[in-house]
Amino acid sequence: MSRLENKVAFITGGSRGMGAAIALKLAEDGADIAITYTSAASKADDTVKAIEKLGRRAIAIKADNLDPTAVENAVNEAHAKLGHIDILVNNAGVYTMDTVDELELAEFDRVMSIHVRASFVASKAAAAHMGVGGRIISIGSNLAEIVPSAGLLAYSTSKAALIGLTKALARDLGPREITANIVHPGSTDTDMNPANGDHAEGQRARMAIPKFGEAKDIAGLVAFLAGEEGRFITGSSFVIDGGANI
Ligand SMILES: NC(=O)c1ccc[n+]([C@@H]2O[C@H](COP(=O)([O-])OP(=O)(O)OC[C@H]3O[C@@H](n4cnc5c(N)ncnc54)[C@H](OP(=O)(O)O)[C@@H]3O)[C@@H](O)[C@H]2O)c1
């Protein structure tokens with residue numbers, strides 16, 4: 001029996017990047033998968049087809065993290081179609097750079113809504129369906145606690161808020177033996193932060209291992225936390241960044 005046999009995982013932002021890699025890894029480990037996306041329908045479809053090739057069930061649901069009702073409905077749709085929800089990964093995210101004098105209130109609200117409000121909504125909806133052994137894993141950032149350059153106000157504030165959300169969820173759901181943890185990636189080669197992008201060299205200069213991570217590196221850690229091995233780990237933060245924050 002594979003590690004996640006008979007489990008269902010719901011992953012926000014599973015069309016590309018880390019979300020797609022996490023979806024595939026959890027499916028390889030035996031889980032059925034629901035992913036959300038907002039614009040990349042054909043890439044979401046590619047993820048679904050790749051999971052089905054592994055012999056697992058998969059659905060993609062269009063649900064913008066900016067719309068709390070859409071996120072809540074997506075969780076409930078996944079539950080109705082796949083039978084249960086055991087693992088939630090709050091992954092969908094956007095990168096933004098503005099200093100305090102440039103940052104507009106609307107942009108601050110947008111980033112907070114996509115990262116924090118939607119994670120609360122998805123966690124509340126998913127937890128209502130979870131039994132003992134449920135897992136909530138949020139994707140933060142190594143820019144949550146260390147802010148190495150200007151222009152990160154909205155991004156770092158939102159990712160730091162997810163640490164509080166994670167600890168509070170761990171306290172609220174611990175009596176039901178549902179865990180909540182947060183994974184903080186560093187520079188990881190995706191559309192959001194390509195290893196050959198304009199700012200890549202500066203990022204590599206901060207790292208003990210001076211190369212970008214791959215989405216599958218993050219997926220491996222998420223899969224560990226999602227499995228039985230993770231049952232006593234809760235309220236914890238895990239930095240996976242090639243040693244950038246040391
Ligand atoms: N890459 C890095 O270096 C890095 C480092 C630290 C943390 N992170 C975090 O890791 C997570 C994944 O990032 P990534 O690098 O994989 O990014 P990515 O390649 O840009 O993929 C982003 C994913 O999020 C989805 N998404 C974006 N906005 C959304 C919204 N409003 N509603 C629903 N889905 C939305 C996208 O869907 P569509 O395809 O439909 O647009 C896509 O599936 C994010 O939370 C990011 O902040 C990334």
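How many residues surround the ligand, and which are the closest? In this predicted model, the ligand is surrounded by 31 residues, and the closest are Ser15, Arg16, Ser39, Tyr155 and Thr190. Sorted by class, the shell around the ligand consists of 11 nonpolar, 16 polar and four charged residues.

| Residue | Protein atom | Ligand atom | Distance |
|---|---|---|---|
| Gly13 | backbone N or O | oxygen | 3.2 Å |
| Asp64 | polar side-chain atom | nitrogen | 2.8 Å |
| Tyr155 | polar side-chain atom | oxygen | 2.7 Å |

On its own the ligand has 900 Å² of accessible area, of which the protein covers 95%. The space that the ligand takes is the largest pocket, and the elements that contribute two or more residues to the shell around the ligand are α1 (17-28) and α5 (153-173).

A pair of aromatic rings is described by the distance of the centres and the angle of the planes. The structure holds one aromatic pair, in which the ring centres of Tyr95 and Tyr155 lie 4.9 Å apart and the ring planes stand at 65°, so the pair is edge-to-face. Because Tyr95 lies in the loop between β4 (87-90) and α4 (105-127), whereas Tyr155 lies in helix α5, the pair ties together parts that are 60 residues apart in sequence.

Terms used: Residues numbered from 1 in each chain as written. Predicted model: local features only at pLDDT ≥ 70, side-chain atom pairs only at ≥ 80, totals over all residues. Heavy atoms only, no water. Near = heavy atom within 4 Å. Polar contact = N/O pair within 3.5 Å; in protein donor to acceptor, adjacent residues only side chain to side chain. Areas by Shrake-Rupley, 256 points an atom, 1.4 Å probe, with all protein chains shown as cover. 1 Å grid on protein atoms, 1.4 Å probe; cavity = no way out; pocket = protein on both sides within 12 Å on 5 of 7 lines; lining within 4 Å. Sits in = over half its atoms within 2 Å of the grid points. Helix = DSSP H or I, 4+ residues; strand = E, 2+ residues; numbered from the N terminus. Nonpolar A, V, L, I, M, F, W, Y, C, P; charged D, E, K, R; others polar. Phe/Tyr/Trp six-rings, centres within 6.5 Å; stacked < 30°, edge-to-face > 60°.
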